[in-house]
Amino acid sequence: AGPTTFPLSDVVRWLTELWERRLVEQSIALELDDRASRPVNAVSAEIQQVALNFLVNAEYAVRAGTGRERKVIVRTRDAENGFVRFEVEDTGPGVPAADEERLFVPFFTTKPVGEGTGLGLSVSYGIIHSHNGCIGYERGALGGARFFFEIPAARPA
């Protein structure tokens with residue numbers, strides 16, 4: 001299927017319905033901060049794939065973390081220059097500085113053998129770039145990881 005116009009809140013709702021129970025069962029709180037007002041024109045299934053990849057990685061990080069607050073935050077907002085931003089932040093340990101530049105390289109993983117393929121973020125990178133967007137990582141305010149992407153907002157009809 002080709003691109004359609006939809007609000008990123010549709011992706012947030014889909015993710016929540018799909019994954020919230022799983023997080024709650026592991027005593028991980030899911031917080032939503034959905035403030036994007038502009039829709040995007042994108043391939044919905046591909047954007048869902050990237051969002052789910054971020055959430056799965058966040059869940060893993062919180063489980064692997066040292067306790068304290070166990071939380072994942074999913075955010076959307078209108079960004080600069082006509083883009084819309086989606087991000088997932090967690091209270092896990094964050095990414096070691098030495099690994100940051102390799103996060104989006106195929107087959108690179110910070111997970112133990114058998115836990116990850118190292119393809120999720122590189123596939124996500126390809127998807128977001130095919131939408132003329134950008135994808136990245138930064139240390140979150142909660143001390144864990146914050147993965148984000150920005151894609152162009154849909155042009156008003």
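Which residues does Ala 154 touch, not counting residues up to four places away in sequence? In this predicted model, Ala 154 is in contact (heavy atoms within 4.5 Å) with Thr 5, Pro 39, Val 40 and Asn 41. Residues are numbered from 1 along each chain as its sequence is written, and side-chain values use heavy atoms, with hydrogens and water left out. Local features need pLDDT of at least 70 and side-chain atom pairs count only at pLDDT 80 or more, whereas totals for chains, interfaces and linings use all residues.

Ala 154 is located in the segment after strand S7, where strands (E, at least two residues) and helices (H or I, at least four) are DSSP runs numbered from the N terminus. With a relative accessibility of 18%, Ala 154 is classed as buried, a term that denotes under 20% relative accessible area, with exposed set at over 50% and partly exposed in between (1.4 Å probe, protein chains only). A separation of 4.4 Å is found between the C-alpha atoms of Ala 154 and Val 40, which are 114 residues apart along the chain.

Helices H1 (residues 8–25) and H2 (residues 44–64) pack at about 35°, and their axes are 10 Å apart; axes are lines fitted to C-alpha atoms over the stretch in contact, and angles run from 0 to 180 degrees between N-to-C directions. The contact of H1 with H2 comprises twelve nonpolar, one polar and three charged residues, with Ala, Val, Leu, Ile, Met, Phe, Trp, Tyr, Cys and Pro counted as nonpolar, Asp, Glu, Lys and Arg as charged, and the others, Gly among them, as polar.

Phe 54, Phe 86, Tyr 137, Phe 147 and Phe 149 make up one aromatic cluster. Rings of Phe, Tyr and Trp (its six-membered ring) pair if their centres lie within 6.5 Å; planes under 30 degrees apart count as stacked, over 60 as edge-to-face and the rest as tilted. Phe 54 belongs to H2 and Phe 147 to strand S7 (residues 145–152), 93 residues apart. Phe 54 is buried at 1% relative accessible area, and Phe 147 is likewise buried, at 7%. Phe 147 also forms a tilted pair with Tyr 137, at 5.1 Å between centres and 50° between planes.
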